[in-house]
Every structure is written in C-alpha cells, then in structure tokens.
Amino acid sequence: MVTAQIVESSTMRYTPSGVPALNCLLEHASEAFEASQVRQVKALLKSVSFGSVAERLVKQEIGSNWLFKGFLASPRGGRQLVFHIQEFTQS
C-alpha cells in the first residue's frame, strides 16, 4: 500500500487480448523515523494498471492523491521495478 500523487499518465492502450492497460507515474512523499532521525522520503514509481482499474484511473486528474494497493514486479528482461496497481481509493 502506498499513498501517492498521479504526476503523469499515458494514453489508454490495450493488450493483444483486448484488456485495457494504463501506464502512469506516481510520486510518494512522507516522513519516516530511521536511526533516531526523521527522514524525508520521496519516490517516483513507474506504475501500470489493467482492466477496470485502468479504466477508472485514466479518468482521475493529474495531481490528485490516492491510496494505491498492488505489487512490485520487474518486466521481462528488465531491471527496474514497476508498481502494478490492483486497487486505489481516495486518500
């Protein structure tokens, strides 16, 4: 689970089997306590969603904040992680 802001969204595409797919970029910002210090945490997450989640997500405004649920995976042959969004709700 991660709270994040939508900072970029691509045009809806479709997989070869016709499933809607949407790539987007999410930005997370928070504070964490580490080694007796407060740390500012920021991260950009390459993300993807499929099916009805993609159809809902494409309608959301850039800059809006959400609570995203999903999992991290590396694309085939890739080294960079991609966050697969399975659900999102208003944060």
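**Figure 1. Isoleucine 6 lies in strand β1, which spans residues 2–9.** This view, like those that follow, is taken from a predicted model. Isoleucine 6 is buried, its relative accessible area being 2%. Beyond the neighbours within four places in sequence, isoleucine 6 makes contact with Leu25, Leu26, Leu57, Gln60, Glu61, Ile62, Gly63, Ser64, Trp66 and Phe68.

**Figure 2. Lysine 69 and glutamate 87 are joined by a salt bridge between their side chains.** The N to O distance in this pair is 4.0 Å. Lysine 69 is partly exposed, at a relative accessible area of 35%. Glutamate 87 is likewise classed as partly exposed, with 37% relative accessibility.

**Figure 3. A salt bridge pairs glutamate 34 with arginine 39.** Side chains of opposite charge can pair when their charged atoms come close. Here, the closest N and O atoms of glutamate 34 and arginine 39 are 3.0 Å apart. Glutamate 34 is partly exposed, with 43% relative accessible area. Arginine 39 also counts as partly exposed, at a relative accessible area of 47%. In total, the model has two salt bridges.

**Figure 4. Alanine 35 occupies the loop between β3 (20–34) and β4 (37–50).** How large is the relative accessible area of alanine 35, and is the residue buried or exposed? The value is 70%, and alanine 35 is therefore exposed, the cut-off for this class being over 50%. The backbone angle phi of alanine 35 is near 50 degrees, a positive value in a residue other than glycine.

**Figure 5. Serine 36 is located in the loop between β3 and β4.** Its phi angle is near 65 degrees, which is again positive although serine 36 is a residue other than glycine. Serine 36 has a relative accessible area of 61% and is exposed. Alanine 35 is found in this loop as well.

Definitions and conventions:
Residues are numbered from 1 along each chain as its sequence is written. This is a predicted model: local features need pLDDT of at least 70, side-chain atom pairs count only at pLDDT 80 or more; totals for chains, interfaces and linings use all residues. Side-chain values use heavy atoms; hydrogens and water are left out. Buried means under 20% relative accessible area, exposed over 50%, partly exposed in between (1.4 Å probe, protein chains only). Helices (H or I, at least four residues) and strands (E, at least two) are DSSP runs, numbered from the N terminus. Contact means heavy atoms within 4.5 Å.
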